[in-house]
Amino acid sequence: EAPSDDVELVIAGGGESYNYSTTLPDNHHPGLHWLHPHRHGSTTLQVFGGAAAAIVVRDEWAEDDNVPDIYQAAEPVLMFVQPMYFDELRGVARESQDSLFQVETTEETVFVVNGQVRPFISASAGDWIRLRLVFAAGADEILRITIPNCDMQLIAKDGIYLPTVPRSIDEAIVLQGGRADILVSCPEPSSSYEILQDGNRLLATVDTDATPSVEKASLPIWTLDYPEYLQDLQSRTVLPNCSCPTDLGDGVNGFAFDENFTTHTYQLGQVVERRIDAGNHPYHQHVYPFQLQANYGTSGYYQAGDWHDVIGDTGAVRYLPTVFASKLMVHCHRLEHEDTGMMGIERHGDYCECGPVTNEQETWVIIAIAVGAALLLCCLCGGTYWYCRRQNSEDGGMEDSKASQGGLADKNEEEAELVDEERNGEDAEPARDE
């Protein structure tokens, strides 16, 4: 809600300003987030044009949090990755009838990191640095980060620490709008290590200094105590009306964005489940992060129990609304899809309620129409059959009647001829007698 995260807020005219204000609750989890304009219909052009920034909720650990020193000592390095798809930008500008946007370059796509092209990151061999990675994007490309010959240990995703830290990975698979915190250690001094997108595009380079390599410190396993709204929901009871389908494809659940339409209704204090069917549309949820459920498995980059605010494919997620009784935006983070209607609003209510799904309604309508058409066809065919039989029966009866009448007439004619002959014979014989 205004003056905070309200994507329906419209600033009237050019040159005007508005101060957004957000008050974080005392138990807000530390983590990495980002912001960008969300004017419906113009989001693609503004974000692809570079209007975005990182937000860091700082780690402020208390002594009783038992955070190992090595995690606190790792030097943070922000990597704010923004892909610039220039051909797509030009096309979006034309569709938006935007005459102000201009770009002159011979390259079709450029990835910038912190506003730079292929920057260098300084490190010491064997030390751990903490890459704080934001994929500030909204096209169809997923960020797939590898750093050959360096150790990568995942510790947080989408602004929330893993249930158990760390998780060894060879590749960070970050969806559009997603984030990842990765501890990285590269082994040799005076060496360069490439940070690659999808195995071939150079994003940045880690340059180690000449300091002799130190033995890489092992990372102890660490389990974090989460605040109330991030408690494990995998075994919690979900009320029937709090478990609802959310399909991305033709809008959200078959409906294009309408600010007066409610996708689903959630209730404070109740565990909310959404059965996501997103395919290649990254499902993004504002305000409350969600926990991946059992169908996401127990290995790999994405695992059951992890927390996110953007996810793809198909599976169940859960969240627990505890503080903010407000609008909750959900949308595809392929921003051109969001701009053209693949966005919805969940709202707070006194009880949970699932909104309509046109796909399900259309299925029943199609079935009803098909059954009705089949019954009508059967009636028509049956009626036609009995009508034809009746006509044939009546036509046959008429022919038989005609044939019977014709035979009787012939018989009468023959009998009449015999009578005449007899009469003629009787008349002739007396004449001969005489």
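These legends walk through several close-up views of a predicted model. Local features need pLDDT of at least 70 and side-chain atom pairs count only at pLDDT 80 or more, while totals for chains, interfaces and linings use all residues. Residues are numbered from 1 along each chain as its sequence is written, and side-chain values use heavy atoms, with hydrogens and water left out.

View A. A pair of aromatic rings is described by the distance of the centres and the angle of the planes. Rings of Phe, Tyr and Trp (its six-membered ring) pair if their centres lie within 6.5 Å; planes under 30 degrees apart count as stacked, over 60 as edge-to-face and the rest as tilted. That rule gives a count of 12 aromatic pairs. Tyr18 has a relative accessible area of 32%, so Tyr18 is partly exposed (buried means under 20% relative accessible area, exposed over 50%, partly exposed in between, with a 1.4 Å probe and protein chains only).

**View B. Phe48 and Tyr85 make a tilted pair.** The planes of Phe48 and Tyr85 sit at 55° and the ring centres are 5.8 Å apart, so this one is tilted. Phe48 belongs to helix H1 (residues 43-48) and Tyr85 to strand S3 (residues 75-85), so the pair links distant parts of the chain, 37 residues apart. Helices (H or I, at least four residues) and strands (E, at least two) are DSSP runs, numbered from the N terminus. Both Phe48 and Tyr85 are buried.

**View C. Ring pairs gather Tyr266, Tyr288, Tyr319 and Phe324 into a cluster.** Phe324 turns up again in a nonpolar surface patch of about 220 Å², together with Val287 and Val323. Val323 is in the loop between strand S25 (314-319) and strand S26 (328-332). With a relative accessible area of 46%, Val323 is partly exposed.

**View E. Cys150 is bonded to Cys186.** A disulfide is a pair of cysteine sulfur atoms within 2.5 Å, and the count comes to 3 disulfides. Here the S to S distance is 2.1 Å, and the link is right-handed, with 110° about the S-S bond. Cys150 counts as buried at 13% relative accessibility, and so does Cys186 at 5%.

**View F. Cys242 pairs with Cys352.** Their sulfur atoms are 2.0 Å apart. The torsion about the S-S bond is about 85°, so this disulfide is right-handed. Cys242 and Cys352 are both buried.

**View G. Cys244 and Cys354 form a left-handed link.** The S to S distance is 2.0 Å, with -80° about the S-S bond. Cys244 lies in strand S17 and Cys354 in strand S28, so the pair ties together parts that are 110 residues apart in sequence. Cys244 is buried, at a relative accessible area of 0%, whereas Cys354 is partly exposed at 29%. Numbered in sequence order, the bonded cysteines of the protein chain pair as 1-2, 3-5, 4-6.

Terms used
Patch = residues over 30% accessible without salt bridge, like charges linked within 9 Å, V, L, I, M, F, W, Y side chains within 5 Å. Areas by Shrake-Rupley, 256 points an atom, 1.4 Å probe, with all protein chains shown as cover. Salt bridge = Lys/Arg side-chain N within 4 Å of Asp/Glu carboxyl O.
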